[in-house]
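Subject: Structure for you to look at

Hello,

Here is the structure I promised. Please open it alongside this note; what I found follows below.

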Amino acid sequence: MKSFFKKFGRKKKIQKEIGGSQNIITAPLSEEQIQAVFTRNMHFEPPQLVVGCGQSTGRQRDHNEDSIFTFTVTLGNGTNTQPFGIYLVADGMGGHQYGEVASNVAVRTIASFLLRKFHPILADATATLDESLQEIMQAAVKEAQRAVVKAAPGSGTTLTAALIMGQQMTITHIGDSRAYSIQSDGRVSLLTRDHSLVRRLEELGQITPDEAAIHPQRNVLYRALGQADFLEADIFTAPFPQPGHLLLCSDGLWGVVSDAEIFHKVSKAKNIQTACQDLVEAANAAGGPDNISAILIQLLD
Amino acid sequence: MGSVYRARDLHFPNVVKLVAVKEMINRAPDQMIRQTIIKNFEREANILATLNHRSIPRIYDYFSEDNRSYLVLEFIHGKDLEAIISESDSFASEEQAVNWAIELCDVLEFLHTHKPEPIIFRDMKPSNVMINLENHIILVDFGIAKPFMAGQKGTMIGTEGYSPPEQYRGEANHSADIYALGATMHHLLTRRDPRLEPPFSFIERPIRKINPAVSSELESVINTALQYDPKDRFESIGMMKEALVGAARKTGILNRIRQNTGNIQTSSLKPLWTFQCEDEIKGSPLYYEGGIYVGSRDHNIYGLKAANGEFSWKYATDGGIVTRPAVFDGNIFIGSEDHRLHVINARSGKINWTYFTEGRIRSSPRVSEGHVFFGSDDKSLHAVNVLTGRASWKFVSASPIRSTPYILNETIYFGSEGGDVYAVDFRGDLKWRFKAKLAVTSSPMVQDGVVYFGSVDSSFYALEAKGGWIIWRFRMGKGSIVSPCFSDNLVFTGAADGIIYAIEARTAKEIWHFQADHQISGSPVIYKDSIYCGSADGKLYCLEYRTGRLRWKFETQGAITSAPVIFDDIVYVGSADHFIYALLA
């Protein structure tokens, strides 16, 4: 009998040695670490959009050809309160100040088109939309295309727009400005696809991302607002990153500031406005070769 | 060069025999160039004289006069593709494009396998492809086609835009024809002339971005043909043809192109068991702990053994049952057209309690948080306490509710016959309301914060779940009463136009569609990598959900208007032919 039980005792020891991976003792979490996890699960009532923005001409350009637009409102009808926001970033190109005209016309045309479309909703809490958001965005892009071609023929502009309704964001995109989802756990994901020649070559496996970053034609776009008669924007809807931020920016930011540094600036900043200013400063510190624009959005829910 | 004339052959004076006369005027000042041109012309004559194919024009004669030479060819009644593209203002259908592409592969294959020497066409482009009155392809202009001799580097010829990179270096082999065919197809499907774009930039104009009606299978075949490096394209035109046929089969259009679809099993599918009720089965069955529970219009709900269809019990109500039962805590909940919700013990088939509404119940119940929720023709959504059998509240809407409620995050989503879609919270308070133009009989489904449902107004809607805003709308051919299902970023639904649609959830783009022979009124179900859906044509279809390719179809003798239920690799489905079938998935 005894020997029978002894076997058991010995077995335990052996288990410890072989199955060492099963018995790892980890260090206990600090109070701050535990706090960080819990604060993320805070619930906000009413759900709200918090927005910051930053711009700079940069260090190497003599004027600014980027344009931005932000609009934030809470729509409540007595039974339901939902945040609503329109955010636009446009980066213009073309000689003779046309770049500035192109991006500004695009942004103002889209903003006014959207506000006109949403005016009945803003004016009357019981009103409803007849068209879908994606249809409205498609029409807005068409209007902007017409306006840019008219105001600054031969020029072009990128456009990255975010329409936020409730917990869904509808992103409309042409060109190489970008929309990023920055999640609180450190994941920075690019949501849009650059419409640049190098990005296409990268997708086809013809060049690597590193080669793309230094490619002599990395600024060549095959699609931009104001160019060509046939224009299609990428439009998709996805849930807003929770918890986290949505960042819309021109290549003056993403071209010189890495994903890791973006996350670092956003998570370390005291508030969302400071975060934007820090991002712009970081781009300038890295040389500021182009105009810099950034809109940072958070949905607290 | 020269012109092409339409002429009449006077060797046959009693009839009008039309021919095409290709003229070549040799005005080249330089002797060397003149010689080259004559040689090319003769070459065309020689090649055509030896070829015998229905897609290649016959040559009747060749002669010269002064400094001009002439080819007398078969006259082709029809138009060339370039004219067809410029004269229309819409995209060619995928079916038409694939039809033509396969014929082009046929003739190119004929040329590439020509003995004694393979012939490379080298000038494939829309203006060299004629469509005759029977809608068949005729390849014209063999002026630069030449018997291919391996290793030869000739001078650069070939039209810009459709020619592959290596042709510019004078290194074209049969692979050049593959690229040019891909370029021609690309132009046909996107209506974007490659000669107006930077060379070799097809990758910048993805076909489906310009013409989303094109299937991803076809796009993939064309992209392979358009690879920059010849080694990455199809090894032979024969393989490209196979790939085209494969793509047509996957997208279901092969049935219309070729009539020999014999491969698809219909009769070899035998059900594991069947059970006959006394009237139509219009609602879906329920699987629960080894039992199958299904209602019929014969007023009964049946409890059967799932393994062999053996009868366990039946419970009679006073009205037809057209809905799916729900289960909770060993009890089966089912609504009947006798206005009542019946709660029956799953094992014994004995009634526990019933709940009265003031209208027929055609909405399937859902149980959540100790309550059973269901709609009724009395225009209300009822919330009944499962333990007490008493109503907690009811939400009164403007029209009968036949849609099955969907419950998520303490919100209940359901549609109504008047076209309203409601989001109500657990206290019965309205959160938001959306109005479609016609009835929403289908049950909504919520995924990732978006509510999906179809309406009889022919639109399929995606709404933002918290506020009820429309994010996108997809137009189907006819109205729909089908409840959608979701997998892998794709939403699936069907409509009265007989089509099963697969739509990408984020962008509202159709990924594939499948045409059945009659209306789709039963909801599809996804199991492993297949989608199962019944149609009013009596068949249950099993398709690959990613591509829409048909795997098998099972024929019953009556319309299938309900969703099948699948458990443990067995599909259970009811039909209007009074039977419930158990099939191997």
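**Helix packing in chain A**

In chain A, helix α8 (residues 259-268) packs against helix α9 (residues 272-285) at an angle of about 145°, and their axes are 8 Å apart. The crossing of α8(A) past α9(A) is right-handed. Bear in mind that this is a predicted model.

Which residues make the contact? From α8(A) come Glu261(A), Ile262(A), Lys265(A) and Val266(A). From α9(A) come Ala275(A), Asp278(A), Leu279(A) and Ala282(A). By class, that is five nonpolar and three charged residues, with no polar ones.

**More on α9(A)**

α9(A) has 14 residues. From first C-alpha to last, α9(A) reaches 20 Å, close to the 20 Å expected at 1.5 Å a residue. Its buried residues are Ala275(A), Cys276(A), Asp278(A), Leu279(A), Val280(A) and Ala283(A). After α9(A) comes Gly287(A), with a positive phi near 120°.

**Where the chains meet**

The contact between the chains takes 23 residues from chain A and 22 residues from chain B. On the chain B side, the elements that give two or more residues are β26 (430-435) and β30 (470-475). By class, that side has 10 charged, nine nonpolar and three polar residues.

Best wishes

Conventions:
Residues numbered from 1 in each chain as written. Chains lettered and ligands numbered in written order. Predicted model: local features only at pLDDT ≥ 70, side-chain atom pairs only at ≥ 80, totals over all residues. Contact = placed C-beta atoms within 7 Å. Helix = DSSP H or I, 4+ residues; strand = E, 2+ residues; numbered from the N terminus. Nonpolar A, V, L, I, M, F, W, Y, C, P; charged D, E, K, R; others polar. Axes fitted to C-alpha atoms, helices over the stretch in contact; angles between N-to-C directions. Left-handed = near helix turned anticlockwise from the far one by under 90°. Expected span 1.5 Å × (residues − 1). Buried ≥ 20, exposed ≤ 12 C-beta atoms within 10 Å, placed from the backbone.
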